[in-house]
Amino acid sequence: MNVNLTQSCEENMLIKTPFPTFALNQNGQVIIWNPACEQYFGYTKQDFQSTDSLKDQLFSTLTENEWQRILNAQEYIRINNIQLIHKNETLSKANFIIIPCLINNEHSIIFYCLPQEDFFTIGETEQELLDLKNGLLSTFMTVTLDHEGFIISCNPLFLKTSKWTPKRVLRKSFWQLFPEDEESQQIADTIWNTISKGKIWKGDVQKKKKTGETYWVHLTAIPTSSPNEDDFHYFLIEQDITNEKEMQQKLEKIAYIDAETGLMNVHRLESIVKEMIEEKQNFYFVYLSIDKFYTLKELHNMEVENNFILEFTKRLKIYFQDSVLARVNESDFVVITPLGEWFIQEFLSYLKQNPIYIGHRAMPITVSGGITRSPQDQSNFTQLMNASLLIISEVRQAGGDNILSLSESTHKKLNRKSMIEKRLLLALDQRNLKVLYQPQVDLKTGKIYAVEAFVRWEDEEIGVVNPDELIPIAEESGLINNIGSFMIEEACKQAAEWLRQGLELKVGINMSVREFRDKNMAKFILDTLVKTGCPAHLIQLEITEKFALEAEAETSIIQQMRTLEEQGITFVLDDFGTGYASFRYMQLLPIQILKIDQMYIQSLTKSEKTQRLINGIVHFGKSMNLTVLAEGVETEEQKQLLEQYNCDAIQGYLISKPVTADKISKLLTN
Ligand code: C2E
Ligand code: CA
Ligand code: CA
């Protein structure tokens, strides 16, 4: 080694340097390895016994040329960014100052290590943190703020996206990163207020580039430590989501516009109506439905149909200027307008004066419409839609071609319905419904062997609500599931109670198909049996033909029915003969009892034809191995005929009206 620099160096001084320092002799062997080296690199001097072992370990990322250049250095050299491999195989980077000199009069080379920023903290977890930081910086934009909201640093990705230059952004205020409009500045205030309280803020915000253009970011703003500390910082991590936002806006536009007419669709209409209601605006909600649109469709091709709708839209736009127009259905439109009723109704005359032509022929076109006022008539979107449909069905029943306002009677119907829904919810909550039971008698033994449970409801405000009114409303609103679970619980409890009294009575429960759409229905019933201590064979579930018809198409309903049957529950086909009578589902569904509808029983003694029919039904049921039951039996005469036909059981006023559970106990024990 040719050393010009004959400076000599104290071994002791090198050892005491607080940062990693070491020295090699001219053979490349480690002669000094200070404690800082041990601490940071993990190696001890013993790890470098042989020549070149330093090069093979700590410096293994250097090329042979680079290494030779170091060993042959004639004067001070500095090498930056050397990738080092620590004893525990973690990596770090450092800059080195390399100085040839004399140590104990020997030519040597000293290495002063100038660790980079992260160097002193490097360890396994630290390496992970470092990787995380590097990953973060290359994927996200980052900005650091001081405790007053001044920008103290940012990463290259931020500069690239925002086009800000360091000069224009560093030491400048955080608020400058947001557009100047009031809304954006308020959002900036909110972010600042949140983080300055030591909390994290997260959300999508619009920011401003140096050019004034805006861009969208998903921003997470994090306070770095507790607010009491002096060097308190905030860290903004941002991801550019401008493309996603633009796509979303496009999609929203598509989702809110009717492609064929360019009018808004029902979703957009709904949000506009909601806003208007919130702002307490007065308006007419006009629903217009083209009469007999289906015939028009059948008679003509698509193109004619499209043209027709476009022409109709044009007329709406001309007539209802300055109104909100929406297409809510193929042939249904809604107009929101402040214009009066008389003007709205005159639209029909306008249509007649301005007919739509197909070819050279004017198309005869009529419209049925309903006018509802908000807030006077109805106070939310669903109510406005429901009221409109009710008016239109009444207009159509009267022949169509008319636009009517919500009449007193329609209004009452709607009010009662919404009242029932509201009060029913309360009644269910307070378990205010009652159950009555009607006995069924076995015609062979003459004994009561079963009862059917019916729901009864008398509300303090609306009075008695019959099942015929209640059940359809409950089905529409979904409350039927709540009624169903109430009835199942009560019926099982009662059957178990009778059993304790020594009365083995089967209890029938009426089921709606909607209840069985709940995938947990079977489980709920079986759980209730266990909970109430009711044996499964005491429960009979009554389903209607309509239920059967729908169940046929839904395997999950059939499966649930089978599960229940396997556990011993019986299924009754109620109202048999009222409409859909299909023998297919009788084979598909686990039905054991056939209940002949009361309509037939009522005409039994009056018509010979009915007698033959019922006789036939009983025979048919028997041949299918089913128990046949007749309901609505009111007279002795009816009973005798049914006995003649070999019917198994009867139910009806002749035996008893539906009564309370106590009365049933008395009937049986007397
Ligand atoms: P349904 O299941 O066909 O019940 C027979 C209806 O006829 C009951 O009316 C019963 O009180 C009545 N009835 C019984 N015997 C006679 C008689 O001899 N003559 C006459 N004229 N009528 C008789 P209700 O209780 O008003 O129930 C009407 C319908 O409402 C029931 O028809 C059933 O479909 C439904 N329903 C009743 N309770 C429930 C329930 O808890 N859940 C479900 N889903 N539906 C129920
Ligand atoms: Ca029934
Ligand atoms: Ca029935």
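**Close-up views of a predicted model**

**View 1. Strand β17 in its surroundings.** Of the 8 residues of strand β17 (residues 367-374), 7 are buried, so the strand is largely enclosed by the rest of the structure. The model shown here and in the other views is predicted. Strand β12 (residues 283-290) runs antiparallel to β17, and 8 bridges join the two. Within this pairing, Tyr287 has Gly370 of β17 as its bridge partner. Strand β18 (residues 402-405) is joined to β17 by 4 bridges, and these two strands run parallel.

**View 2**

View 3. An open sheet is built from 5 strands in the order β13-β14-β12-β17-β18, with mixed pairing. At its edges stand β13 (324-329) and β18, each of which pairs on one side only. On average, neighbouring strands of this sheet are turned by 20° against each other, direction ignored. Helix α12 (residues 302-319) packs on the sheet and touches β12, β13, β14 (332-337) and β17. The direction of helix α12 makes about 10° with that of β14.

View 4. Another open sheet has 5 strands in the order β8-β7-β11-β10-β9, and its pairing is antiparallel. The edge positions belong to β8 (151-154) and β9 (201-208); each has a single partner strand, so one side of each is left without a neighbour in the sheet. Neighbouring strands here are turned by 30° against each other on average, direction ignored. Strand β7 (residues 141-145) and strand β11 (residues 234-240) run antiparallel and are joined by 5 bridges. In this pairing Thr144 stands opposite Phe235 in β11. Helix α8 (residues 182-196) lies across β7, β9, β10 (214-223) and β11, and runs at about 140° to β9. Helix α9 (residues 242-256) lies across β9, β10 and β11, at about 120° to β10.

**View 5. A salt bridge between Arg431 and Glu490.** Side chains of opposite charge can pair when their charged atoms come close. Arg431 and Glu490 form a salt bridge in which the closest N and O atoms are 3.3 Å apart. Arg431 lies in the loop between α16 (408-429) and β19 (434-442), whereas Glu490 lies in helix α18 (residues 480-500), so the pair ties together parts that are 59 residues apart in sequence. Arg431 has a relative accessibility of 40% and counts as partly exposed.

View 6. The side chains of Glu497 and Arg500 meet in a salt bridge, with a distance of 3.4 Å from N to O. Both residues lie in helix α18, 3 residues apart, which is about one turn of the helix. Glu497 is partly exposed, at a relative accessible area of 30%, whereas Arg500 is exposed, at 61%. In helix α26 (residues 636-644), Glu636 and Lys639 are 3 residues apart, separated by about one helical turn. Their salt bridge has its closest N and O atoms 3.9 Å apart. Glu636 is partly exposed, with a relative accessible area of 42%, and Lys639 is also partly exposed, with 23%.

**View 7. The annotated segment, residues 20-48.** An unreviewed UniProt entry places the feature "domain: PAS" at residues 20-48. Over residues 20-48 the chain is 24% helix and 31% strand. The C-alpha atoms at the ends of this segment are 16 Å apart.

Conventions: Residues are numbered from 1 along each chain as its sequence is written. Chains are lettered from A and ligands numbered from 1 in the order in which they are written. This is a predicted model: local features need pLDDT of at least 70, side-chain atom pairs count only at pLDDT 80 or more; totals for chains, interfaces and linings use all residues. Side-chain values use heavy atoms; hydrogens and water are left out. UniProt positions are given in the numbering used here, feature names are shortened, and annotations may be inferred rather than shown by experiment. A salt bridge is a side-chain nitrogen of Lys or Arg within 4 Å of a carboxyl oxygen of Asp or Glu. Buried means under 20% relative accessible area, exposed over 50%, partly exposed in between (1.4 Å probe, protein chains only). Two strands pair if DSSP finds at least two bridges between them. Axes are lines fitted to C-alpha atoms, for helices over the stretch in contact, and angles run from 0 to 180 degrees between N-to-C directions. Contact means heavy atoms within 4.5 Å.
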